[in-house]
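Subject: A structure for you to look at

Dear colleague,

I am handing over the structure that we spoke about, and below it you will find my notes on what was found in it. Please keep the sequence and the 3D view open while you read, and look up each residue as it is named.

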Amino acid sequence: MAYSSSASAIVLAGGRSRRLGQDKRRLRVFGPDQPTLLERTVNTATQLCADVVVVLNDPESWPHLPGRLVPDLYADGGPLGGIYSGLQAAQFETALVLACDMPFLNPALLQAMLARPGEYDVLMPRSLGTQRTRNAHAVEPLHAVYRRSCLAPIQQLLEQGERQVTALLDVVRVAFMEPDEIRRYDPEGRSFVNINTLEQLREAGLG
């Protein structure tokens, strides 16, 4: 697996886990002696990128995490605010953005995304249709590559009260990674499974 010396990784860990009823960042879904979900995500990010930024609001609770811990710059800004905060802190022009609640991240797929050439501001995978579609665009905005050129458009959306990441698709250059390409690395689309509810935990075979 190649290591990118010219990309940042941004791990979004500022959610409140309301639907799960417990702090999903601390779930040890692969066993009590295994890393937490957040630790697993950050560890994957450190294997891929030279610069790792973790966006969360309780850094005192995670003193052992590798990477730089930064706060959300927009209170209640949701994932869009988290992406903005991470891009502001990122050292590099290109950043891999990951939610902290995806237990089956595929390093080969992530590496392929980082290596994808093209004139775009955002590179998003399209959902494979093997799980519930997250949004009307059927894309994976929290398993995507963003460039710092998104900062001004994101800030404008946030100032307008927008919190949906997919609103960004209308105001920046977007490239998509299509299902056929994704299946070369992840035939079942397991990379995009995320844990927001106990039902999703059970569906993933982890609860």
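Predicted model: local features only at pLDDT ≥ 70, side-chain atom pairs only at ≥ 80, totals over all residues.

Residues are numbered from 1 along each chain as its sequence is written, and side-chain values use heavy atoms, with hydrogens and water left out.

His143 lies in strand 6, which covers residues 143–147; helices (H or I, at least four residues) and strands (E, at least two) are DSSP runs, numbered from the N terminus. Not counting residues up to four places away in sequence, His143 touches Val97, Leu98, Met102, Leu105, Leu109, Leu110, Met113, Pro125, Ser191 and Phe192, where contact means heavy atoms within 4.5 Å.

Strands and a helix

Strand 6 runs antiparallel to strand 4, and five bridges join them; two strands are said to pair if DSSP finds at least two bridges between them. One of the residues to look for here is Leu96, whose bridge partner in strand 6 is Val145. Strand 4 (residues 94–99) is mostly covered, since six of its six residues are buried: Thr94, Leu96 and Leu98 lie on one side, Ala95, Val97 and Ala99 lie on the other, and both faces are covered.

Strand 7 gives another picture, with Ala175 and Met177 on a covered face and Val174 and Phe176 on an uncovered one. Strand 7 pairs with strand 5 in the parallel sense over four bridges, and Met177 in strand 7 is the bridge partner of Pro125.

Helix 2 (residues 78–89) has twelve residues, which at 1.5 Å a residue should span 16 Å, and its end C-alpha atoms are 17 Å apart, which agrees; the expected span is 1.5 Å times one less than the number of residues. Leu80, Gly81, Gly82, Ile83, Tyr84, Ser85, Gly86 and Leu87 are buried in this helix.

Asp51 and its partners

Which residues are in contact with Asp51, once its neighbours within four places in sequence are left aside? They are Ala7, Ser8, Ala9, Arg68, Ala90, Gln91 and Phe92. Asp51 lies in strand 2 (residues 49–55) and is buried, with a relative accessible area of 3%. Its side chain is joined to that of Ser8 by a polar contact of 2.6 Å and to that of Arg68 by a polar contact of 2.8 Å; a polar contact is a pair of N or O atoms within 3.5 Å, and within protein one must be able to donate a hydrogen and the other to accept it, while residues adjacent in sequence count only if both atoms are side-chain atoms. Asp51 and Ala90 are 39 residues apart in sequence, and 7.3 Å apart in space from C-alpha to C-alpha.

Salt bridges

A search of the whole structure finds eleven salt bridges, each being a side-chain nitrogen of Lys or Arg within 4 Å of a carboxyl oxygen of Asp or Glu. One of them joins the side chains of Asp58 and Arg25 at 2.8 Å, N to O. Asp58 lies in the loop between strand 2 and strand 3 (68–70) and Arg25 in the loop between strand 1 (4–12) and helix 1 (37–48), so the pair ties together parts that are 33 residues apart in sequence. Asp58 is buried at 16% relative accessible area, and Arg25 is buried at 8%. Asp23, Arg25, Arg26 and Asp58 are linked in a network of salt bridges.

Another salt bridge is formed by Arg173 and Asp121, with the closest N and O atoms 3.0 Å apart. Arg173 lies in the loop between helix 4 (151–159) and strand 7 (174–177), and Asp121 in the loop between helix 3 (107–115) and strand 5 (122–125), so this pair ties together parts that are 52 residues apart in sequence. Arg173 is partly exposed, with a relative accessible area of 41%, whereas Asp121 is buried, with 8%.

With best wishes

Key. Buried < 20%, exposed > 50% of the residue type's maximum accessible area, 1.4 Å probe, protein only.
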